[in-house]
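Here is a short briefing to read alongside the model. Keep the structure open as you go through the points.

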Amino acid sequence: MGLDGGGMRFLRAVAALPARALEPVMAGLQSVIGVRRLPWVFLLPNLTIVALFSLLPVLVNVLYSVTGSENLYPSERHFVGFDNYATLLDCGNYLDPSTCSRDLFWRAVRNAALFVPTQVLAMIGFALVTAIALNRRIRARGFFRGIFFFPVMLSPVVVAMTWVWLLQRDGALNGILGTLGFERVTWLSDPGRAFKWSVFVTVWGHMGFYTIILLAGLQSIPADIYEAAKMDRASPWRVFTRITVPLLKPVLLVVFILAVIRSVQTFDEIYVLTGGGPGTSTKLIVHYIYETGFAVMPRNYGLAAAASLLLGAVLFVFTALQMRLSRTGRDG
Amino acid sequence: MAAAAQGITVQAIDSDVKLMADKFMRENPGTRVDFRLVSFQSILESLPVQLASGRGPDISMVADWAGLARYYLDLRPYVDARYFEREFASILGPMRGGAAKSDAINGMSGSMTLNGAFVNLTLFRQAGVPVPKEGATWDEWAEAARRVAKATRTEMPMEMDRSGHRFASLAISYGARLVDGEGNPVVDEGLKTAMRKFVAWHRDGTMPMDLWGAVGGATHRDNFSDFMNGKVVFYFGGSWSLYKMDSGVGDLFDWAAVDAPCGTSSCTVMPGGGAMVAFKHTPNPELAARFLAFLAREDNMREALGRRPNVPVATTLIATGLEYPGASERVREALASFTRQVPKIPPAAYAFQGWRYQRAAMNAMTTRISQVLTHELDVDTAAAFIKKDVELAIRSSRK
């Protein structure tokens with residue numbers, strides 16, 4: 001059932017109406033500002049949105065970071081210079097957070113230094129293996145693709161709550177252990193175990209997203225290259241290391257950078273799963289920012305803003321690295 | 001337009017307030033009270049941000065009485081001030097947020113809550129262990145709870161809500177001052193003794209790690225369901241849980257709210273609870289005040305306490321007593337037990353409750369004690385950090 005020729009013409013005419021209405025305006029504008037400057041007019045809506053919702057908040061954050069008091073309105077806050085940064089960076093020995101004025105911040109930094117590489121490597125490793133498996137002609141391939149992507153569609157809070165129910169003292173996992181005659185395990189009360197479960201749950205929750213990207217990358221590799229390798233009797237490992245990985249490198253790079261940025265920003269799942277504990281063993285930087293700015297009384301917006309800008313600087317470095325690496329990959 | 005001007009928004013953590021709002025609207029035709037049921041976490045975390053931005057409800061339940069005092073509407077122009085002063089004398093001071101010279105009337109509270117201990121009497125009987133009498137120390141309770149748990153193979157001897165407020169009861173019992181006369185944090189031997197005992201109970205298995213040891217930061221957590229399911233011998237929570245006992249436990253086991261365990265200094269439970277306050281930003285201060293006066297009316301307070309048994313605040317209700325018609329004999333005995341603790345509350349507990357930086361101190365205590373439990377800090381370092389955390393909070397709010 002398609003539209004006949006008359007219907008299509010009518011729809012085209014309707015779709016062209018806004019353009020026709022704007023044509024005289026744009027023509028007039030072009031004659032005033034010149035054709036070279038006209039692209040800025042097209043960019044203006046996007047630039048406005050970026051300025052309002054990205055640049056302005058960053059500037060406001062800078063303003064908060066150099067002002068003090070528990071008041072929210074900038075006009076009611078006092079300029080304190082770099083006091084908040086000095087408080088955060090005041091440390092006897094950066095390797096021993098207990099010697100730092102804001103030890104919780106440095107504990108969060110230390111945790112992040114361990115969490116990010118562990119989580120990113122696990123994430124990419126599992127996602128790659130899954131993508132390779134799902135790229136093969138296996139039974140119920142569509143079903144498995146859906147299964148692996150399913151957690152991505154869930155809210156992070158739902159993901160974390162599900163795992164809390166599984167891992168808590170009277171949770172399903174201990175229930176199964178009990179039924180089998182084993183002792184119950186304190187999955188979330190032991191700092192080491194809680195950290196590992198935090199890595200696992202965040203990998204479980206986001207792996208599907210990276211799997212899909214890698215799957216798309218794998219499918220873009222021409223099949224004839226694999227056929228040629230097969231004719232040359234190349235081993236599967238050699239095919240993987242000499243064909244798959246090199247050709248997947250640009251996609252892997254994107255996945256790596258996205259995974260690192262997402263990992264540094266991890267908050268929701270761990271907030272629900274462990275609240276940053278036991279102690280501070282799973283507290284990450286965003287959690288520290290949230291607690292400082294929004295959970296404890298009185299609110300310390302200045303300190304939270306300073307911490308978030310330091311985090312922003314770290315993310316900026318990663319983004320710059322991504323751009324540099326992707327440019328290098330393109331050029332050479 | 002006139003109808004819009006006669007509307008207010010009220011938020012609270014229990015739906016009983018909605019019943020009162022409906023009754024108020026029936027008695028005051030032409031007025032509109034929109035009720036919002038919110039979580040306790042929202043009261044603690046979202047409300048302060050809303051207030052700082054000049055928004056939020058016209059009336060709300062608040063837990064941090066002193067910390068938010070600067071946003072409260074002074075009700076004196078709109079209500080019978082003498083009635084409020086007579087009925088709510090004990091809470092008006094803490095609600096003034098340390099402004100000692102103020103005589104503002106900032107709100108009302110139908111009931112106060114008290115921290116306190118619940119014990120499973122059935123388990124005590126089964127174990128053949130006598131229930132410690134009034135005046136028993138925390139150590140004696142811990143010892144008795146351990147013996148009962150061992151004899152009855154109960155999972156946990158003792159539990160305490162993960163809350164700085166609950167821990168303050170233990171600390172003040174051992175002589176902790178927590179705050180001095182000038183509003184500065186105090187870290188003394190009393191606080192450290194309480195921390196050492198608390199840590200030792202976690203190390204030897206008297207208390208499980210699930211509450212204080214399993215989460216970090218200032219997160220509030222309770223496991224009262226453990227008590228209701230007979231999994232713990234002694235639970236230190238508070239009077240707000242009483243209303244659950246009849247429906248949740250009934251006759252499944254025998255239980256009681258017991259006298260406050262003692263330390264070397266006193267036998268203390270912390271007072272607390274929610275107060276209802278109106279905010280300065282309300283466009284309808286007269287209506288907001290009228291609603292609070294309505295909640296403060298004796299018959300309405302009796303009605304609310306009849307639905308949800310708790311310790312009354314109003315002087316008249318204390319003097320004349322309450323019937324609690326829907327409550328079981330056990331709940332009434334528990335209420336009587338909680339009420340008996342009130343005269344024992346030392347000045348340090350009231351001073352801490354009315355301190356503007358109480359929440360900062362409580363957050364610091366939960367965070368730092370949890371760090372000791374997971375071997376990140378020792379007790380002395382943790383105590384020093386508690387002081388430092390609160391001092392930073394004070395400094396940053398005064399900048």
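Chain B of this predicted model is assigned domain 1 (2–108 + 272–331) and domain 2 (115–270 + 345–398), with bounds that come from an automatic or database domain assignment. The C-alpha centres of these two domains of chain B lie 28 Å apart.

**Between the domains of chain B**
- Domain 1 of chain B and domain 2 of chain B each bring 16 residues to their contact, where two residues count as touching if their C-beta atoms, placed from the backbone, lie within 7 Å.
- On the domain 1 side there are six nonpolar, seven polar and three charged residues; Ala, Val, Leu, Ile, Met, Phe, Trp, Tyr, Cys and Pro count as nonpolar, Asp, Glu, Lys and Arg as charged, and the others, Gly among them, as polar.

**Fold of chain B**
- Chain B has 18 helices and 11 strands, taken as DSSP runs (helices H or I, at least four residues; strands E, at least two) numbered from the N terminus.
- The C-alpha trace of chain B spans about 70 × 50 × 30 Å along its principal axes.
- Of the 399 residues in chain B, 53% are buried, meaning that 20 or more other C-beta atoms, placed from the backbone, lie within 10 Å of the residue's own.

**Between chains A and B**
- Chain A contributes 34 residues to the contact and chain B contributes 31.
- On the chain A side, α12(A) gives the most, with three residues.
- That side of chain A has 11 nonpolar, 17 polar and six charged residues.

**Reading notes**
- Residues are numbered from 1 along each chain as its sequence is written, while chains are lettered from A and ligands numbered from 1 in the order in which they are written.
- Local features need pLDDT of at least 70 and side-chain atom pairs count only at pLDDT 80 or more, whereas totals for chains, interfaces and linings use all residues.

Methods: Buried ≥ 20, exposed ≤ 12 C-beta atoms within 10 Å, placed from the backbone.
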